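Please open the structure in a viewer and keep the selection tool at hand. The stops below follow one another along the contact between two chains.

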Amino acid sequence: MVCPVTLQVQGISKAYTSQRRLLAIDFSVREGELIAVVGHNGAGKSTLLKLLGGWLVPDGGEVQIDGIDQRNRRAIVRKVGFVPEVPNLFECFSVEYNLSLFARLFRAPSSSVETALREFSLLPYRRSKVRVLSKGLKQRVSIARSLLANPSLVLLDEPTSGLDFDMTTEVHELLKRIHASGKTILFTSHRPEEIKSLATRIMVLHQGALIFDGPPSEYFESDTHRNLYT
Amino acid sequence: MIRNVIIMTLHDLAIACQNKTLFLILFIPVFVFVALQLVDENEAVDPNIRIGLLEQGSYPPAMLTTLEAANATIVVTWQSNEAAAMQWLKEGHGDGVLIPHGTAAQHCALIVLEKTSLKTVTIVESINALQRALDGKSNYWIAEIHPVQESGLQRQMLPTWILMLVLMVGFIILPAQVAEEKEKRLLLGLLQTPIRETEWLLAKVSYGIILVVLAATLLHLLTAFDFSIARGLNYLAFLIAGGFCFSALGVCVGFLCRTQASARTLGVLFYLPLLLPSALADFSKPLHSVAPWVPSYQFYQPVKSILLQGGGVADFPLDILALLGAGIIALFLSYQLMRHRWLM
């Protein structure tokens with residue numbers, strides 16, 4: 001059975017300078033895929049995710065998520081959860097406050113905050129200010145917050161960057177759990193072992209262009225992988 | 001829409017509690033109150049009295065003779081007309097002006113800068129003493145006392161402090177807060193929710209207005225400033241209009257900066273040029289001619305009139321429109337910058 005398309009990208013582009021830009025790229029993502037976006041620093045991975053998450057305004061192209069045009073921001077935000085590389089939480093407030101604020105803005109029931117705290121094992125930290133949490137815990141809060149509106153697509157920008165082994169393993173488990181719940185995931189990564197263990201599909205960006213798009217088995221046998229990491 | 005604006009306004013107030021902004025806002029009225037107390041304590045009274053008389057005025061002849069005889073303590077200056085005498089008084093060259101009162105040339109009205117000052121008491125007591133010495137009567141030549149302004153130095157300084165508060169919220173607090181939300185990607189996080197850009201902007205402006213009204217209320221409570229309801233409402237209208245205008249301008253300044261540090265710098269660059277011409281317009285001719293072109297003057301002048309001369313919103317319709325217009329333009333610019341994720 002072919003799953004329906006969750007994300008449709010046509011000719012999306014963004015230029016910062018002539019050297020640093022994301023060329024017009026096209027791809028589509030089917031429901032339930034877990035895609036790793038890889039590439040060197042400055043290849044355009046974060047730019048792509050920020051464009052899909054609405055953090056950046058594209059210079060051109062179109063994006064549709066679950067059939068909704070990305071320019072319809074207020075509708076699209078319920079379809080996409082974006083977890084940035086550095087958690088953008090209100091550090092002077094508690095974990096519970098951070099989740100409650102977003103739940104109120106999403107008009108999600110207050111029980112959704114309790115559910116998120118429980119599912120992400122954040123109950124012991126509910127009254128802790130975010131600023132005192134470790135990076136791994138902040139990342140957990142950030143992921144929990146992105147799922148409050150129950151989006152169909154989750155974007156994670158280097159979710160394990162700067163985390164130690166235990167925290168990395170924890171985030172991997174979280175991603176597997178979120179994926180198992182039927183959500184479509186796109187994440188960026190520099191770690192081959194992470195890509196190998198998680199991804200069902202790999203997209204490689206190089207100097208702003210999409211140079212590979214296929215399954216992990218094909219990717220790890222390809223010249224693209226060898227050129228990228230040797 | 002209102003719900004989201006309220007949620008975000010309360011959120012901003014919670015941040016103000018956390019990052020001590022609220023303490024700053026409440027500290028300033030206390031500081032102003034203490035400063036005003038010190039000003040009053042240091043008020044010195046010159047023993048010599050400078051009285052102005054009108055050249056064409058018909059005064060009680062006995063009073064003129066007595067005043068001339070007392071030239072060691074009372075210096076009489078003749079003024080060509082009432083307007084010139086008022087100007088002379090306001091410029092601080094004299095302590096009071098005696099103007100003929102009624103048609104019988106028996107009484108005078110005493111015009112002073114402030115009714116409840118030591119200087120006024122000295123003038124009245126000195127003239128009454130002269131009259132008692134002449135014919136044994138007192139409280140006869142001076143039939144009425146009129147102050148030019150309702151009160152003294154404390155009240156005269158209030159509009160300047162209020163202007164300072166409003167500009168501080170607008171150009172020191174808000175730009176830094178907006179830039180911080182941009183710098184830490186908090187605003188982008190909020191834009192991942194269904195909140196509209198306009199709701200976020202209105203929440204920021206509401207937060208600015210609340211800070212302004214809160215600080216002004218505390219300042220007036222500390223200085224025991226008595227308001228009639230009508231006058232209070234006129235004053236509140238200008239506080240809200242000024243709070244709206246300068247908060248909107250402050251948000252716009254915040255959007256022009258990438259970091260908190262640059263927002264603070266740019267904020268001060270706006271703050272001082274807006275504060276000084278308006279606050280010092282009464283003391284300098286060049287500043288007086290420049291001030292009307294500065295937006296803060298459209299706030300300062302009406303507030304001064306309402307607090308000191310009994311003016312109202314009806315006397316300053318263009319000023320309130322100018323404040324609201326400037327605020328709306330600033331909000332529109334901020335909206336455009338926000339939509340294009342400017343420097344985010």
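A residue is called buried when its relative accessible area is under 20%, and exposed when that value is over 50%. The model to which this is applied here is a predicted one.

Begin by selecting B:His11, which lies in helix α1 (residues 2–18) of chain B. Its relative accessibility is 1%, and B:His11 therefore counts as buried. Next, display A:Phe90, A:Phe93, A:Tyr97 and A:Leu101: B:His11 is in contact with these residues, its neighbours within four places in sequence being left aside.

Now widen the selection to the whole contact, to which chain A and chain B contribute 24 residues each. About 2,400 Å² is buried between chain A and chain B, and carbon and sulfur atoms give 59% of this area. On the chain A side, select A:Trp55, A:Arg73 and A:Leu105; these residues lose the most area to chain B, together 29% of what that side buries.

How many salt bridges does the rule find across the interface of chain A and chain B? It finds one. Polar contacts between chain A and chain B number nine residue pairs.

Finally, colour α2 (73–76), β6 (80–83) and α3 (95–105) of chain A, the elements that each give two or more residues to the side touching chain B. Among them, α3(A) gives the most, with five residues. By class, this side of chain A comprises 14 nonpolar, three polar and seven charged residues.

Note on methods. Residues numbered from 1 in each chain as written. Chains lettered and ligands numbered in written order. Predicted model: local features only at pLDDT ≥ 70, side-chain atom pairs only at ≥ 80, totals over all residues. Heavy atoms only, no water. Contact = heavy atoms within 4.5 Å. Buried area = accessible area lost by both parts, 1.4 Å probe. Salt bridge = Lys/Arg side-chain N within 4 Å of Asp/Glu carboxyl O. Polar contact = N/O pair within 3.5 Å; in protein donor to acceptor, adjacent residues only side chain to side chain. Helix = DSSP H or I, 4+ residues; strand = E, 2+ residues; numbered from the N terminus. Nonpolar A, V, L, I, M, F, W, Y, C, P; charged D, E, K, R; others polar. Buried < 20%, exposed > 50% of the residue type's maximum accessible area, 1.4 Å probe, protein only.
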